[in-house]
Amino acid sequence: MDIFDITIIGAGPAGMFAAFYAGMRNAKTKLIDSLPQLGGQLATLYPEKYIYDIPGFPKIKAGDLVQNLEKQLTTFNHQYCLEETVLHIEEQEDYLEITTDKTTHYSKAVILALGNGSFQPRKLTLPDAERFEGYGLDYFVTDLMKYAGRKVAIAGGGDSAIDWALMLEPIASEVYLIHRRPEFRAHEHSVSKLKDSSVNVLTPYVIEAIEGEHKVTGLSLQQVKGEDTVSLNVDALIVNYGFSSTLNIKDWGLKSTRQGVFVGSDMRTSIPGVYGCGDIVLYDGKVDLIATGFGEAPTAVNNALHFIDPKTRTQPAHSTSLFKE
């Protein structure tokens, strides 16, 4: 039986940084994730999207951030178990037993970094929308240059929709942003940039039909609570209505809701030895940012190590003392 010090479930940004910090504390560490690669949603859904709330980076592409985190992790010889889904965590006398769809793992402590769980894009509800998927209809962007010189419509009203519109503005020949409300849900700074851009904003409209035989060639729009209709000639449609997520942890014995797991100020959950960080954790005043998860990760690691050995300090030395070139 190979018992690890810390097993981190979830290999998104918060989980990756938790693994790095666990290495800084000389903890024998394992990472488990159901996806085939590290990086979570950043790597899978929008590697080309810019992120603006990472300290020290005015902006950074999600894929580049993941690559930096991966490079950081190569400092340590951690074990990775990818394409493996955790089914259950059970307390034993001196360790935690982690059952997955492939095997059983053993760990003195566990850190949950599951983000929002498994995710699926919220799709268009039009009857024939599915047949255009991969033929001009996309729900996330992995390569910006596929839209170079093309007419692109983006549907949505949040940060991601506006970010895609602004990023595609200098690449596509024409960009349309379609939203069913006059107001946008994005950050004020992004909305200001949108107003100063050449993006064609169409509000309040919804997509009534996709036109084309074998691929997207146009859209029919209907004004919300109005009579107006608009026909657009476009080469591509990006739908950004967000994602629905599922957390399959209801049988794990954790104090939780469908939105996440409740933790204390030391990131401990209701199960002794199980801690959390990132979007999955819930507490008063929680702000769902990647930067927040990065801050929670060392707290979870330090308190997990203190749980394993009460003599271990929860306030270790600064990184300049912990790790030197």
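I'll talk about aromatic pairs, charges over rings and cysteines in this structure. It's a predicted model, so local features need pLDDT of at least 70, side-chain atom pairs count only at pLDDT 80 or more, and totals for chains, interfaces and linings use all residues. Residues are numbered from 1 along each chain as its sequence is written, and side-chain values use heavy atoms, with hydrogens and water left out.

Okay, rings. Searching the whole structure turns up 5 aromatic pairs. A pair here means Phe, Tyr or Trp rings (six-membered ring for Trp) with centres within 6.5 Å; planes under 30 degrees apart are stacked, over 60 edge-to-face, the rest tilted.

Take F20 and F76: their centres are 5.6 Å apart and the planes sit at 50 degrees, so that's a tilted pair. F20 is in helix α1 and F76 in the loop between α3 and β5, so the pair ties together parts 56 residues apart in sequence. Helices (H or I, at least four residues) and strands (E, at least two) are DSSP runs, numbered from the N terminus. Ring pairs also link F17, F20, F76 and F294 into a cluster.

Now charges over rings, meaning Lys NZ or Arg CZ within 6 Å of the ring centre and within 35 degrees of the ring normal. K59 lies over the face of Y50, 4.3 Å from the ring centre, and K255 does that with F262, at 5.6 Å.

Last, cysteines. How many disulfides (sulfurs within 2.5 Å) are there? The count is 0. The sulfur of C81 is 17 Å from the closest cysteine sulfur, in C277, so it's too far for a bond.

Conventions
A disulfide is a pair of cysteine sulfur atoms within 2.5 Å.
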